[in-house]
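Hi everyone, thanks for making time for this. I'd like to walk you through a structure that may be new to you, so please have a look at it while I talk.

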Amino acid sequence: MSDFLVKRGELRECRIAESAPPALEPGQALLRVDSFGLTANNITYAVMGEAMSYWDFFPADHGWGRVPMWGFAEVERSEAEGVEVGTRIYGYLPPSSHLVVTPVKADASGFVDGSLHRAALPSAYHRYLATASDPFYREETEEMQMLLRPLFFTSFLIDDQLADEELVGRGPIVVSSASSKTAIAAAFLLAQREEVELIALTSARSAEFVESLGIYDRCFTYDTIDSLKRGPATYVDFAGDGAVRQAVHSHFGDELVHSMAVGVTHWEELGAGAGDLPGPRPAFFFAPNRVTKRSKDWGRLDFEQRVADAWQPFCEWTSGWLEPIHGEGFEAVRDAYLDVIEGRVDPRTAHVISLGD
Ligand SMILES: NC(=O)c1ccc[n+]([C@@H]2O[C@H](COP(=O)([O-])OP(=O)(O)OC[C@H]3O[C@@H](n4cnc5c(N)ncnc54)[C@H](OP(=O)(O)O)[C@@H]3O)[C@@H](O)[C@H]2O)c1
């Protein structure tokens, strides 16, 4: 059994650890992790590891953590009823060769991991989908699914919330870390709505790329926020950068209609930006609340169908410019992790790691 471990609280420190293969108890199954994507979203799981309990999904030795990833695995051994050896699944996985799960609610669509240590954690992360019956799944788009599916799901909810709360059409929507995949997916969806003006905020090195996407109306670098036109606006924050947030709030002041805190790509700048924050208090975007609301409004199946329908055109469009960087094995996991945590990844690319057999 191999694991990629990160030192909690000292995120640049990481190591690859070897241990004995895990034993199975009755009712459990052993997943062999096959492949996963690695973007800033995974770094956010580590940054928020304590505050939002992300370290608790896949416990590790004291002081160390296994950063959650989204990807594919295969059932290697099974002592669980209804879970067949060889089933290929998609879900939330550790950067490890194997994961022991305790499947419950197993059927042709997959299963839920009912492991006791996960019981108090958000249930959205517990479901493992059998690729054979997953409406999202297409073999030829596996890489795009690993990289973009969890991000797109969030973007769908953000676009829907902004429209539902009538924030579109009340001045421009200003998006930080506009070069991130989650921001791009949200902008892709918002750009399809009438009367939406999208303003990208990004770093100088990503400005040309962001402009080339053709989904934002205008693009500004972080040091030119004071040249934005004043008036009502909504801020959707993927960067989590305190200084950028301060600059946006100070610029729009009380005319800022809403400030939505979604991500923390600038993870070392969370505490930057001093003084009182003018305008509305940032509202933390909490996906499970929107899932509950829309499942109730539309019914769970209709909700899932709407996400799946919106996904296909996005997946196709993104395949036209996104270049996966392929890595193999645990050293590739470590190299990719360090690249992403240092912000060294060109936004036209993204890491996909295969652990092989
Ligand atoms: N709340 C939720 O439910 C939810 C769900 C999904 C994603 N998110 C969040 O959305 C954010 C975007 O995730 P993603 O996976 O889409 O990101 P990504 O595509 O990997 O983002 C890459 C971009 O992020 C910025 N960046 C990344 N690392 C950086 C670093 N070390 N220093 C400075 N800038 C850095 C740069 O953008 P710029 O140069 O344009 O700033 C870079 O081009 C993450 O914080 C993620 O957690 C939240």
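**Around the ligand**

Helix H1 gives the most to the shell around the ligand, with three residues. Before I go further, please keep in mind that this is a predicted model.

So, how many residues surround the ligand? There are 29 of them, and the closest are Thr39, Thr182, Thr202, Ser203 and Tyr222. Sorted by class, this shell holds twelve nonpolar residues, 15 polar ones and two charged ones.

Let me point out some individual contacts. Ser177 has a polar side-chain atom 2.8 Å from an oxygen atom of the ligand. For Ser179, a polar side-chain atom lies 2.7 Å from an oxygen atom of the ligand. Then there is His266, where an N or O atom in the side chain is 2.8 Å from an oxygen atom of the ligand. How much of the ligand does the protein cover? On its own the ligand has 940 Å² of accessible area, and the protein covers 87% of that. As for where the shell comes from, the elements giving two or more residues are helix H1 (40-47), helix H2 (142-164), helix H3 (181-190) and helix H8 (330-341).

**An open sheet**

Let's turn to the strands. Six of them form an open sheet with parallel pairing, and the order is E13-E12-E11-E14-E15-E16. Which strands sit at the edges? They are strand E13 (218-221) and strand E16 (283-284), each of which pairs on one side only.

Strand E12, residues 198-202, runs parallel to E13, and four bridges join the two. In this pair, Thr202 stands opposite Thr221 of E13.

**Antiparallel neighbours**

Seven bridges join E3 to strand E5, residues 69-78, and Leu31 stands opposite Val75 in E5. E5 is also joined to strand E6, residues 88-93, by six bridges, again in antiparallel fashion. There, Glu74 stands opposite Arg88 of E6.

**Empty space**

Rolling a probe the size of a water molecule over the atoms shows where empty space is left. In this model the count comes to one cavity of 30 Å³ or more, and the largest cavity has a volume of about 60 Å³. Which residues line it? They are Gly37, Leu38, Thr39, Asn41, Asn42, Trp70, Met146, Leu147, Pro150 and Leu151.

By class, the cavity lining has six nonpolar residues, four polar ones and no charged ones.

Finally, a word on the second largest pocket, which has a volume of about 370 Å³. Its lining is made of 22 residues, and those nearest its centre are Met1, Asp3, Pro22, Pro59 and Arg66. Strand E1 (2-7), strand E2 (14-18) and strand E7 (98-101) each supply at least two residues of that lining. E7 provides the largest share, three residues. The lining of this pocket divides into ten nonpolar, six polar and six charged residues.

Note on methods:
Residues numbered from 1 in each chain as written. Predicted model: local features only at pLDDT ≥ 70, side-chain atom pairs only at ≥ 80, totals over all residues. Heavy atoms only, no water. Near = heavy atom within 4 Å. Polar contact = N/O pair within 3.5 Å; in protein donor to acceptor, adjacent residues only side chain to side chain. Areas by Shrake-Rupley, 256 points an atom, 1.4 Å probe, with all protein chains shown as cover. Nonpolar A, V, L, I, M, F, W, Y, C, P; charged D, E, K, R; others polar. Pairing = 2+ DSSP bridges. 1 Å grid on protein atoms, 1.4 Å probe; cavity = no way out; pocket = protein on both sides within 12 Å on 5 of 7 lines; lining within 4 Å. Points joined across faces, edges and corners; volume = space filled by probe spheres on them.
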